[in-house]
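Trainee: Hi! Could you walk me through this structure?

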Amino acid sequence: MRIIDRYIGISVTLNVFMVLFVLTALLGFFSFFGQFDEFQNDYGTLEALMYVGYTLPRRAYEVFPIAVLIGGLMGLGSLATHNEIMV
């Protein structure tokens with residue numbers, strides 16, 4: 001029984017981290033382009049990238065519950081599709 005539990009856990013965990021990475025990257029991308037309104041003489045691309053880089057951990061923390069929900073559904077759905085969870 002431990003092997004099955006570990007296999008399901010790894011599948012769900014990998015999907016959760018994949019979804020978390022994608023959501024965080026998308027939020028960072030949109031946040032970077034949202035900074036274009038703030039560009040002036042003393043605020044350029046490097047500062048905008050630094051701001052987005054510094055705020056990515058907060059954004060990852062904010063979207064983690066959504067990533068767990070979507071990643072869990074994707075992981076269990078892929079196992080159910082291949083009849084691996086019907087044991």
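Mentor: Let's start with Ala 60, which touches Leu 20 and Thr 24 when residues up to four places away in sequence are not counted. Keep in mind that this is a predicted model.

Trainee: Okay, and where is the place of Ala 60?
Mentor: Ala 60 is in helix H2.

Trainee: Is Ala 60 buried or exposed?
Mentor: Ala 60 is buried, because its relative accessible area is 18% and the cut-off for buried is under 20%.

Trainee: You mentioned Thr 24. What is Thr 24 in contact with?
Mentor: Leaving aside neighbours within four places in sequence, Thr 24 is in contact with Leu 56, Ala 60 and Val 63. Thr 24 has its place in helix H1, and with a relative accessible area of 12% it is buried.

Trainee: And how far apart are Thr 24 and Leu 79?
Mentor: Those two are 55 residues apart in sequence, and their C-alpha atoms are 25 Å apart in space.

Trainee: Let's talk about the core. Which residues make up the largest nonpolar core?
Mentor: There are five residues in it: Val 19, Leu 20, Ala 60, Val 63 and Ala 67. Helix H1, covering 2-34, and helix H2, covering 45-81, each supply at least two residues of this core. H2 gives the largest share, three residues.

Trainee: What is Ala 67 in contact with?
Mentor: Setting aside its neighbours within four places in sequence, Ala 67 is in contact with Val 16, Val 19, Leu 20, Leu 23 and Gly 72.

Trainee: Now the helices themselves. At what angle do H1 and H2 pack?
Mentor: The angle is about 145°, and the axes of H1 and H2 are 4 Å apart. Their crossing is right-handed. The residues of the contact of H1 with H2 divide into 25 nonpolar, ten polar and one charged.

Trainee: Why quote both an angle and a distance?
Mentor: Two packed helices are described by the angle between their axes and the distance between the axes.

Trainee: Switching topic: how many salt bridges does a search of the whole structure find?
Mentor: It finds one. Arg 58 forms a salt bridge with Glu 62, and the closest N and O atoms are 3.3 Å apart.

Trainee: Where do Arg 58 and Glu 62 sit relative to each other in helix H2?
Mentor: Arg 58 and Glu 62 are separated by about one helical turn, because they are four residues apart in helix H2. Arg 58 counts as partly exposed, at 41% relative accessibility. Glu 62 also counts as partly exposed, with its relative accessibility at 44%.

Trainee: What about Ala 48, buried or exposed?
Mentor: Ala 48 is buried, with a relative accessible area of 0%. You'll find Ala 48 in helix H2.

Trainee: And what does Ala 48 touch?
Mentor: Not counting residues up to four places away in sequence, Ala 48 touches Phe 32, Gln 35, Phe 39 and Tyr 43. The C-alpha atoms of Ala 48 and Phe 32 are separated by 6.4 Å, although these residues are 16 apart along the chain.

Trainee: Which helix does Ala 25 lie in?
Mentor: Ala 25 lies in helix H1. At a relative accessible area of 40%, Ala 25 is partly exposed. Its C-alpha is 9.5 Å from that of Arg 59, a residue 34 places away in sequence.

Trainee: Last one: what is the phi of Asn 83?
Mentor: Phi of Asn 83 is near 55°, a positive value in a residue other than glycine. Most residues other than glycine have a negative phi.

Trainee: Where does Asn 83 lie?
Mentor: Asn 83 lies in the segment after H2. Asn 83 is exposed, with a relative accessible area of 55%.

How values were computed. Residues numbered from 1 in each chain as written. Predicted model: local features only at pLDDT ≥ 70, side-chain atom pairs only at ≥ 80, totals over all residues. Heavy atoms only, no water. Core = buried A, V, L, I, M, F, W, Y, C linked by side-chain atoms within 4.5 Å. Buried < 20%, exposed > 50% of the residue type's maximum accessible area, 1.4 Å probe, protein only. Contact = heavy atoms within 4.5 Å. Salt bridge = Lys/Arg side-chain N within 4 Å of Asp/Glu carboxyl O. Axes fitted to C-alpha atoms, helices over the stretch in contact; angles between N-to-C directions. Left-handed = near helix turned anticlockwise from the far one by under 90°. Nonpolar A, V, L, I, M, F, W, Y, C, P; charged D, E, K, R; others polar.
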